[in-house]
Amino acid sequence: MRVAIGGISHETNTFSNVKTTIEYFKNLEWEHGQEILDNHTGVRDFLGGMIAEGMRQGVELVPTFSTRANPSGLIPRETLDEILDNLLSSIRQAGPVDGICLALHGGGIAEGADDLEGTILTKVREVVGYEIPIVVTLDLHANLTDTMLKEANALFGVNFYPHVDCYERGEEAMANLLKIIKGECKPVMRLKKLPMMLSSSTTDLSPAKDINEICWEWEKQPSVIDCTFFHGFSQTDLPDMRVGVLTITDNDPELAERICEDVTAKIWERRHEFYIEHPGPSEGLELALQEEGGPIVINETSDNPGAGTPGDGTHLLRAMIEMNIPNSCFGFICDPETVEAAHQSGVGTYIDVRLGGKTDKLHGEPIEARAYVKTLSDGQFVQTSVMNRGRKVNLGKAARLQIGNVDVIVSSRKSQTMDEQVFLLHGIDVTMYKIVALKSENHFRAAFTPLAKKIITVDSPGLSSFNLKYYNYTRVQRPVMPLDEL
């Protein structure tokens, strides 16, 4: 049995002014053929799970093409064309296959293609037809469409945020694809959406945690293959951007519809619990200082590069520096100019910096300060978080600067902070610090929850602000919560 694997992944923030050009993809992941097996075998991501399950079942895996870029703005048409050409040509060159397993996202948008994943699947179908089953993995923040349901035999989304179950969803997708090929199941999908947009809602806590448990209870029924609560990606201005529940049964459409009705009703009953307010940076720091011991982890949810922000926002870091909090660290802010100045000056020297705030004014003005160059690095490490454990990370040249009492890690490439490895790379043991600040919405929790005495989320102006009323939506179908009272 031969199964082709590959993927295209991007989460597009339509409010970002930074286009996601082909360089963004090639700088993060651009893999052909054997490179996919070499780089994902043993890694806790979607492709790693697909590979593991395929190997367990003795499948001949045919790696095609895989690429992904960090979340950012709209994908230009020429970039989409080049990516599609690489995937489709790789599938053609793969020869006869019995099935295809793809790692997509669900939140991608390109020029002329509001539904990136639907476009990808439609193009793949033009190559292989409809006799070859296609099974897909998706992010929990996928914006599901009818086209995606039409073109794929089954769609499997992660259940958790942080996405610690990507590997398991990859295994599940491959296992079900093989069942389809063998004629052991006939998946039927049903989707129901609600007039709700969600901000970053961790599944570690209620109410999202409770909704997942309702889905899992339904999955105990023999004919239920999967039931997933998709949060959607609220930083996309699309007409049908809203939460949804997708249910897959083994040839039982009526049951699938009934489950969708039940779960969405439960979500709607608790809809107001999803919308909360977070303190601003200064208030959050004051709350942290009232706590005994540490570390107190403060996450700046409004400048999360994992949602397409620039990663050089200064609101939280400025507050830390102005308060000059002893035993505090910030990991990390993206500013290649400052990193280069630190590397040219060398360890043990002082440099004058205009740190951050260089992409736009929304995320704060540059911080002017005199900084001591404590550590220099190549910005490379291996991720140890449960989410994507084993993935190689390259932030480009990086530096640890000391500005007053605050240790600040500065990178050349933007990314959210996933685990403590970026701190350790620069000689910082976060368990010895009072305040540990970082840029992320929820993924950091997979690694930092066991380390932190307390986690405090702070919000401020930014492209991933928790307050969705801040965004200038012009295309979203109204009414929809929280923009409207429902």
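Reply: The model is predicted. In it, E7 and strand E9 (residues 244-250) pair in the antiparallel sense over seven bridges. Within this pairing, Arg190 has Thr247 of E9 as its bridge partner.

Me: Why are E7 and E9 called paired?

Reply: Two strands count as paired if there are at least two bridges between them.

Me: What makes strand E7 (187-193) and strand E8 (224-230) edge strands?

Reply: The open sheet has the order E7-E9-E8, with antiparallel pairing. E7 and E8 each pair on one side only. Neighbouring strands of this sheet are turned by 10° against each other on average, direction ignored.

Me: Which strands form the open sheet with mixed pairing, and in what order?

Reply: Six strands form that sheet, in the order E2-E3-E1-E4-E5-E6. Strand E2 (29-32) and strand E6 (154-157) each have a single partner strand, so one side of each is left without a neighbour in the sheet. The twist averages 20° from one strand to the next.

Me: How do you know that strand E1 (residues 2-9) and strand E3 (residues 60-68) pair?

Reply: They are joined in the parallel sense over seven bridges; the requirement is at least two, so they pair. Ala4 has Val62 of E3 as its bridge partner.

Me: What does helix H3 (residues 46-56) touch as it packs on the sheet?

Reply: Helix H3 touches E1, E3, strand E4 (99-103) and strand E5 (134-138). The direction of H3 makes about 150° with that of E4.

Methods
Residues are numbered from 1 along each chain as its sequence is written. This is a predicted model: local features need pLDDT of at least 70, side-chain atom pairs count only at pLDDT 80 or more; totals for chains, interfaces and linings use all residues. Side-chain values use heavy atoms; hydrogens and water are left out. Helices (H or I, at least four residues) and strands (E, at least two) are DSSP runs, numbered from the N terminus. Axes are lines fitted to C-alpha atoms, for helices over the stretch in contact, and angles run from 0 to 180 degrees between N-to-C directions. Contact means heavy atoms within 4.5 Å.
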